[in-house]
Amino acid sequence: MGLTSTEQAVLARFDRGESVEQITRATGFPRSTVQNVVWRFDINLGQDVARDNALRSQTARLGELVRQAGGHR
């Protein structure tokens, strides 16, 4: 399933650096709609990398604890 025309319009403008307020004024979409689209589809790459690093660290720690306990049974 692809993006709706509303989602496409909002995300195209957001990707060009427009604020939620600018997008709302330019498109006539309700502010809540614009905010919801941005919230659902905006990816913060810094947070994604941090989450990935934390997961890898925790997985490694779990593996070490399993080995210390005698391995998988």
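**Entry 1: the pair α1 and α2.** I looked up helix α1 (residues 5–15) and helix α2 (residues 20–27) in this predicted model, and their axes come within 10 Å and cross at roughly 135°. Axes here are lines fitted to C-alpha atoms, for helices over the stretch in contact, with angles from 0 to 180 degrees between N-to-C directions. I therefore recorded α1 and α2 as oblique to each other (under 35 degrees is roughly parallel, over 145 roughly antiparallel, 65 to 115 roughly perpendicular, and the rest oblique). I noted that α1 and α2 meet through Val 10, Arg 13 and Phe 14 in α1 and Ile 23, Ala 26 and Thr 27 in α2, contact being heavy atoms within 4.5 Å.

**Entry 2: conventions.** I kept the numbering from 1 along each chain as its sequence is written. Local features need pLDDT of at least 70, side-chain atom pairs count only at pLDDT 80 or more, totals for chains, interfaces and linings use all residues, and side-chain values use heavy atoms, with hydrogens and water left out.

**Entry 3: confidence.** I found a mean pLDDT of 90 for the protein, with 95% of its residues at 70 or more; pLDDT is the predictor's confidence in each residue, from 0 to 100.

**Entry 4: the whole chain.** I listed 4 helices and 0 strands (DSSP runs numbered from the N terminus: helices are H or I, at least four residues; strands are E, at least two). I read the pattern along the sequence as α-α-α-α. The C-alpha atoms fill a box of roughly 60 × 25 × 20 Å along the principal axes.
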